[in-house]
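Here is a short briefing for a first look at this structure. Please keep the sequence and the 3D view open while you read.

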Amino acid sequence: MPIVSPTRQPARPRPGRSSPAKGAPPSGGPATSRRRPEFTARRALTIAAFMAPAALFVALFTYYPMIAGSQMAFRNWKLTDLTDTSWVGLKNFRDVFADPAWSTVLGNTAVWVVASIVPQLVIGFALALWLRRKFRFRGLYQALVFFPWAVSGFLIGILFRWLFNSEFGVVNDLLQKTGLSDEPIAWLADPHTAMGAVIVANIWYGVTFFTIMILAALQSIPDELYEAAALDGAGKARTLFQITIPYIRTTLALTVLLRIIWIFNFPDLIFGMTGGGPDNQTHIVTTWMIRITQQGDYGRASAIGLLIVASLLVFAAFFLLATREKKGARP
Amino acid sequence: MRRRTAALALGTAAAMVLTSCSAMSGGDGGTVTVTMVESLTNPTRTDLLKDLIADFEKKNPKIKVKLISPPTEQADQKLQQMLQSGTGVDVLEVRDITVGPWSTNGWLYDMKKDLKGWDGKQAMTENAVKASEDAKGRTYFLPYGFYGLSLFYRTDLIKQAGFSKPPATWKELLKQASAIHDPAKRRYGYAFRGGENANSNVTAAISAYVADEIDPDNGFRLKDGGSIFSAPAAQDAVDTYFQLFKKASPKSSVSWAYPEMVEGFSNGSTAFLLQDPEVIATVRESKAIGEDQWSTAPLVRGPSGKTVQPLATAGWGVADSSGHKAEAVKLVKFLSQGAASTTFTKKNSLVPILKSANDDKFYKTGPWSSYLKMTEQPEKYQVVTQPRGVPWWTEWGKKADADVQKVLLGKMTPKELLAEWDAYWTEKWAKEK
């Protein structure tokens with residue numbers, strides 16, 4: 001789980017605002033009396049030694065397999081016959097692009113990411129704002145809201161597969177009982193509704209992460225700012241857009257970035273729900289890669305994997321650059 | 001102090017790396033530990049296997065068996081990794097769809113020599129002996145049982161609709177299922193397979209229609225060398241089969257796979273279901289329909305009165321990298337004969353591998369009797385071997401499933417589907433030569 005104690009996520013103290021953030025070390029205070037230790041070779045060694053376990057682990061179990069595996073993308077690497085794993089250059093990449101389903105898969109991926117992230121952000125934000133207020137059983141309620149995040153995506157896929165089942169599912173049952181629909185909707189069987197159904201499941205699943213991250217950031221906004229705003233007569237909307245959002249901008253940007261990458265890399269739910277069907281209409285790039293793996297063609301699957309890594313790296317760099325510029329442009 | 005912390009950190013790092021890399025070691029004091037990995041894992045079956053293993057260990061006090069049960073979705077991939085790395089597995093579950101690639105890669109041990117003169121083989125049915133050998137006569141696994149199709153049907157619903165007997169042919173199935181089908185009342189005729197593995201039932205229908213011309217050694221081929229999809233009768237077969245979807249199945253069955261099909265039948269809403277015998281146990285547990293409301297009938301036949309039973313199978317094999325081959329083979333033999341095999345097939349609802357099952361009361365009564373009926377009439381219910389061991393089998397399954405969904409969604413005609421499938425296999429076979 002890549003969340004590093006989210007409740008303690010420190011917010012960046014904003015320059016130009018007088019009130020210091022809670023918990024942040026006051027500048028120029030007694031903190032300066034602590035002598036900064038001299039940087040020696042021995043100290044460097046100690047630091048290196050402490051970093052070594054993690055670095056070694058990551059190198060051994062992440063980077064090494066990644067690099068060793070990436071060469072498969074340029075080889076004829078089929079599990080069904082490993083007696084010939086010769087170098088084939090870019091053939092696997094050509095095969096990926098030549099597949100008539102590839103453009104569908106790319107389009108699906110775009111829809112999947114965009115249509116999932118926007119509602120997740122909006123609902124997650126709203127929930128976080130609401131949870132920030134104190135009310136009875138808030139702790140319990142928070143725990144309940146965060147619960148879905150602890151459940152495996154595949155399991156959630158299977159649950160939603162039954163919820164959306166046309167004949168025996170709860171969703172259609174409710175729609176018919178409330179009179180919103182006359183006949184059962186074949187959610188997962190119709191190419192138009194199937195993508196909608198998996199996205200709904202994904203929104204439900206991902207809202208939680210936004211709530212956790214945004215709530216943590218919200219709790220670091222000093223109350224004084226709101227008090228001052230209230231004294232100056234700022235309305236709710238103005239407070240939201242001029243205090244809350246600017247203050248947690250960094251967290252928001254990073255969370256959105258992380259989530260885009262994760263949603264992109266989140267085949268579990270789709271696999272549990274539709275397996276990419278009907279007629280490949282819910283396949284995204286990562287489920288497609290797994291499908292190719294299941295066929296035993298590790299060469300072509302690795303080619304897709306490399307394409308994913310490359311496009312996500314470019315995207316992350318671009319995104320970070322764009323958000324940083326915004327920050328610099330702020331008065 | 002600092003030096004000590006640095007040393008400590010380095011030491012921890014080394015320890016972590018070492019522990020994670022250390023390989024599992026064998027037993028001591030003369031006992032041998034055999035690691036066994038299963039693939040089609042489910043909790044009940046794992047318990048059953050553990051019981052059987054306990055019996056084996058009692059009889060062979062010098063052999064310990066360690067059973068590893070990965071979740072079934074990832075099991076074959078895990079096994080592949082183990083086999084590729086050449087460690088950690090002695091006995092393993094081999095399926096008809098994995099035996100081809102795994103033996104090509106040299107991962108499986110040919111047990112032929114070890115089985116010479118073994119009395120267990122004489123006790124096996126002809127099908128079992130056939131399944132245990134590949135085209136070159138090598139034995140990479142001993143089958144533990146077979147999965148075969150039969151027709152689950154609702155005795156009460158067909159009576160209400162005015163039929164005295166369950167359908168014997170695909171045409172009759174279409175007629176009866178359409179008569180019962182009434183979506184407004186949430187009653188459906190047929191549990192259509194449109195999702196994962198949808199292609200298998202299309203092939204079953206086609207095979208039934210070409211039963212007179214089919215090559216028993218390659219269920220996708222006609223005796224004259226063409227593919228079964230090119231036969232004129234295949235068009236009739238797919239037309240009838242897809243009518244079942246239009247006239248007698250719930251709309252959403254485009255995405256129905258095993259769980260939905262079985263649920264549809266056992267919750268009482270669907271009248272007909274084509275499935276493996278393992279479903280008998282599930283339906284028996286149903287609270288919606290009682291024992292007197294359902295039964296099974298033999299697999300429906302084609303216009304010639306014949307049909308083709310594509311038996312799917314799996315069994316136990318030995319890894320080529322195993323350091324304890326003698327002990328591993330001993331375990332495989334133990335599981336494949338006598339009481340151990342009978343218990344396994346009965347409790348796991350499989351078509352048995354032993355001849356003695358024909359005299360077993362268990363298979364003569366209730367839903368099981370239709371399987372016996374089928375084995376007693378091999379002329380009508382022909383057994384063919386499908387080319388499930390070819391390297392492109394999974395690729396084929398995924399492609400064919402997508403094509404079936406295209407037909408169901410109206411993006412492809414049944415005729416185009418046949419042409420596409422014929423072209424696929426003809427091309428693959430041509431390349432193979």
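Val37(B) has Leu92(B) in E3(B) as its bridge partner. This is a predicted model. In it, strand E1 (residues 32-37) of chain B pairs with strand E3 (residues 91-95) of chain B in the parallel sense, over two bridges. Both strands belong to an open sheet of five strands in chain B.

**The five-stranded sheet of chain B**

- The strand order is E2-E1-E3-E12-E4, and the pairing is mixed.
- Strand E2 (63-68) and strand E4 (142-147) of chain B are the edge strands, and each pairs on one side only.
- From one strand to the next, the twist averages 25°.

**Helices across that sheet**

- Helix H2 (residues 43-59) of chain B lies across E1, E2, E3, E4 and strand E12 (312-318) of chain B.
- H2(B) runs at about 170° to E2(B).
- Helix H3 (residues 72-85) of chain B lies across E1, E2 and E3 of chain B.
- The angle of H3(B) to E3(B) is about 125°.

**H2 against H13 in chain B**

- H2(B) also packs with helix H13 (residues 338-347) of chain B, at an angle of about 170°.
- Their axes are 11 Å apart.
- Angles over 145 degrees count as roughly antiparallel.
- H2(B) and H13(B) are therefore roughly antiparallel to each other.
- H2(B) brings Arg45(B), Leu48(B), Leu49(B) and Leu52(B) to the contact.
- H13(B) meets them with Ala340(B), Thr343(B), Phe344(B) and Lys347(B).
- Five of the residues in the contact of H2(B) with H13(B) are nonpolar, one is polar and two are charged.

**The four-stranded sheet of chain B**

- Another open sheet in chain B has four strands in the order E6-E9-E5-E10, with mixed pairing.
- Its edge strands are strand E6 (188-190) and strand E10 (294-297) of chain B, each pairing on one side only.
- Here the twist averages 20° from one strand to the next.
- Strand E5 (residues 150-154) and strand E9 (residues 270-275) of chain B run antiparallel, joined by four bridges.
- Ser150(B) stands opposite Gln275(B) in E9(B).
- Helix H15 (residues 369-376) of chain B lies across E5, E9 and E10 of chain B.
- H15(B) runs at about 140° to E5(B).

**H7 against H9 in chain B**

- Helix H7 (residues 170-180) and helix H9 (residues 232-248) of chain B pack at an angle of about 5°, with their axes 9 Å apart.
- That angle makes H7(B) roughly parallel to H9(B).
- Residues of H7(B) in this contact include Trp170(B), Leu173(B), Leu174(B) and Ala177(B).
- Among their counterparts in H9(B) are Thr240(B), Tyr241(B), Leu244(B) and Ala248(B).
- The residues of the contact of H7(B) with H9(B) divide into seven nonpolar, three polar and two charged.

**Chain A: annotation and confidence**

- An unreviewed UniProt entry places the feature "domain: ABC transmembrane type-1" at residues 106-319 of chain A.
- In the model, that span of chain A is 74% helix and 0% strand.
- The end C-alpha atoms of residues 106-319 of chain A lie 20 Å apart.
- The average pLDDT of chain A is 84, and 87% of the residues score at least 70.
- Residues 1-32 of chain A have a pLDDT below 50, and this stretch has 26 contacts beyond near neighbours in sequence.
- Residues 327-331 of chain A also have a pLDDT below 50, with four contacts beyond near neighbours in sequence.

Methods: Residues are numbered from 1 along each chain as its sequence is written. Chains are lettered from A and ligands numbered from 1 in the order in which they are written. This is a predicted model: local features need pLDDT of at least 70, side-chain atom pairs count only at pLDDT 80 or more; totals for chains, interfaces and linings use all residues. Side-chain values use heavy atoms; hydrogens and water are left out. Two strands pair if DSSP finds at least two bridges between them. Axes are lines fitted to C-alpha atoms, for helices over the stretch in contact, and angles run from 0 to 180 degrees between N-to-C directions. Contact means heavy atoms within 4.5 Å. Angles under 35 degrees count as roughly parallel, over 145 as roughly antiparallel, 65 to 115 as roughly perpendicular and the rest as oblique. Ala, Val, Leu, Ile, Met, Phe, Trp, Tyr, Cys and Pro count as nonpolar, Asp, Glu, Lys and Arg as charged, and the others, Gly among them, as polar. UniProt positions are given in the numbering used here, feature names are shortened, and annotations may be inferred rather than shown by experiment. pLDDT is the predictor's confidence in each residue, from 0 to 100.
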